[in-house]
Amino acid sequence: MTSGTGFPARPHPMPEIQTHFRTCNICEAMCGLEIAHQDGAVLSIKPDKLDPFSHGHICPKAVALQDFHTDPDRLRTPLRKTDGGWREMGWDEAFAEIGQRMRAIQQQHGADSVGVYLGNPNAHNLGSAVFLPQFQKALGSRNRYSSASADQLPHHVAANYMFGASLAISVPDIDRTDFMLIIGGNPVISNGSMMSGAGMPGRIKAIQKRGGKVVVVDPRRTETAKIANEHLAVRPEADALLLFALIRTVVEEELVDWGHLGGMVDGYEHIVAASAGFTPEHVCNAVGIAADRIRRLAREFAAAPSAVCYSRMGASTQSFGGLCQWLTVVLNVVTGNFDREGGAMFPQPAFDLLARVQPNDPNARSPARSRLRQLPHFSGEFPVATLADEILGEGAGQIRAMFTIAGNPVLSAPNGDRLDTAFAQLDFMVSVDIYLNETTRHADIVLPATTGLEIAQYDVFFNSFAVRNPAKYSPPLFQAKGQQRHDWQILKGLMACLTGRPDDGSTPEMLLDAALRAGPYKDQGLSLATLQEHPHGIDLGPLRPCARERIRTLHGHIQLAPALFLGDLPRLRSALAADPSEREDFPFKLIGRRLVWNHNTWTHNSRRLLKGAGSITLQLHSSDATHLGVHTGQMVVVRSRTGQVDIEVEVNDDMSPGVVSIPQGWGHQRAGIGMRTAAGQPGVSINSLTDGDRVDPLTGNAAFNGTPVAISTLRHMA
């Protein structure tokens, strides 16, 4: 090839390789990333060794960000469902139709006839975090549902009634504790959950290196239990009984220590009275742990220089989730391990979600109740376990249209098959998502958003749960192209078409900057500009005692024994006696498990992550396998009250006898799914087995763990 002068043309020089620093926004760990890129392509994703929070740690999920950016299955233009299939449409056309249809439904059937479901990725997105409250207000419906009631709602209910604010979440000061009791949590895999902190395996081992101890309580010998000092195999849904027995031991043996909280804790006398019926000797058979071991655990916890109890998914997503999270706080408080170094402490985030919460009395009014099942309304939403009821149940207040935003409840909510049926019967449905998945395939209009490397990021929520106080802003690496719009731009478009009001011109960066300038570090001059000058992030220091500043109850006191929780104790007492008829029909208890290579259902379309996913199996103990006459690799039928699945067996003595486990979020074989990589992966949906009627009545949170199931071989089913 020659130039116009006859001389050989010079090749165009390749753009220089550039480096971009950001926080991974797939899970809660907030790992710092160093991304090498050139000419619009990612060359490598490595840990950012200069990130002051993650200190050079990343997990396998981070490398998938490049897959989501380039995924050919990703939606990039709005789609409308037609009789002939999906067709592209323009944004103006989409917003006009959505506004007209949704307003018409609300005018005919009332504001609550339109519901909204918010998926987990919204919490990892700056734009969604700051604009979703405005969208909800514009919609005007109280029918909001989210992944929170399939996950962490008991944490928020306990925080609301004990501290006066649902986001006043205390977290383990893991880097300074001497004794960590982990109940139903697996931070080696989750990298911390409601306890944000990268490199959890190293942090746990550091406790041991400094002479401390880690004890894990779980029906399965989890990855965390394998590196802990001790594993105690508790029976599913017996965690609240164990916690009460620990507290009773502390009371009986006069191990109570208020530390510096003396004078600001109310209700201890009610704890003394309520715990009387839950001695270790009384509950040990139901818990599955010997009474003397329970007492010794309580003594070790109380005697440690510092200690913290951390209860998570296994303790939250069960029939007594609310009691578990309440009693976890009680144990930390009565042993002097609350609001102190090495105990449970409040973070002080730069973007302070508590700033506008005024002192209040959470007991002043009873929570609203759902229309059909009378489940409680907490944190501005109803439990997702009753969403299908509210769609299928006819009558005044019935949900007739839905927005789903970055969520896939057909796979992530209890009894997902029934929710699948419910979505198909809606009059109108709009989804904001990057994929056609098991949920969005029911939508009439799908609005695709940018994701991952294309968005600006600041962790509004997870800095509020962090084990230190970091602050970091990550600008987009890649700009939106063509028809792409950011989540916040889509939300503002929806607000405009629902209300008719024009855009006010605000952006996530404007709102972030205002919050930083008004936040707890304003005297240090913290602003968005400051963060932009520090691409690796800023360390604002370790957690420090600050309960007097963070608690929002009317008199600034910790409410140790709210009436809401005391009123649920008769139900807990009844759990001491098992139901023999249920055990005969469904002899096994089903629990979930999480895989380090995956997070939510949308991550299953990454080819890099599927390499490490392994088989999606039913794990069970060898004694149960022998009794059933099954072996590893054999297919069995698992049946519950609501459904059944065929799945491969994995004999694994990490399981307790009588307990079986299936990973959550899989089963991408339904028709109409646009996630080809995920659809090619074997697996079943655990939520074809979980029961929407099994909830924690106190909070409304889904009770996934402990689902009664029966197992039989395929040949016996023929």
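Author: A definition to begin with. Axes are lines fitted to C-alpha atoms, for helices over the stretch in contact, and angles run from 0 to 180 degrees between N-to-C directions. Also, this is a predicted model.

Reader: Fine. At what angle do α3 and α17 pack?
Author: About 10 degrees, with the axes 9 Å apart. Helix α3 covers residues 126-139 and helix α17 covers residues 487-499. Angles under 35 degrees count as roughly parallel, so α3 and α17 are roughly parallel to each other.

Reader: Which residues make the contact?
Author: From α3, they include Phe131, Leu132, Phe135 and Leu139. From α17, they include Trp488, Leu491, Met495 and Leu498.

Reader: And how do the contact residues of α3 with α17 divide?
Author: Ten are nonpolar, four polar and two charged.

Reader: OK, sheets. What is the strand order in the open sheet of four strands?
Author: β11-β10-β9-β13, with parallel pairing. The edges are β11 (230-232) and β13 (308-311). Each has a single partner strand, so one side of each is left without a neighbour in the sheet. On average, neighbouring strands of this sheet are turned by 15 degrees against each other, direction ignored.

Reader: Which helix packs on the sheet?
Author: Helix α11, residues 291-303. It touches β9, β10, β11 and β13, and its direction makes about 135 degrees with that of β9.

Reader: How many bridges join β9 to β10?
Author: Five, between residues 179-183 of β9 and residues 213-217 of β10. The two strands run parallel. Leu181 stands opposite Val215 in β10.

Reader: Last one. Is Thr713 buried or exposed?
Author: Buried, at 2% relative accessibility. Thr713 is found in strand β26, residues 707-713.

Reader: What is Thr713 in contact with?
Author: Leaving aside neighbours within four places in sequence, Thr713 contacts Leu628, Val630, Gln634, Met635 and Val636.

How values were computed. Residues numbered from 1 in each chain as written. Predicted model: local features only at pLDDT ≥ 70, side-chain atom pairs only at ≥ 80, totals over all residues. Heavy atoms only, no water. Parallel < 35°, antiparallel > 145°, perpendicular 65-115°, else oblique. Contact = heavy atoms within 4.5 Å. Nonpolar A, V, L, I, M, F, W, Y, C, P; charged D, E, K, R; others polar. Pairing = 2+ DSSP bridges. Buried < 20%, exposed > 50% of the residue type's maximum accessible area, 1.4 Å probe, protein only.
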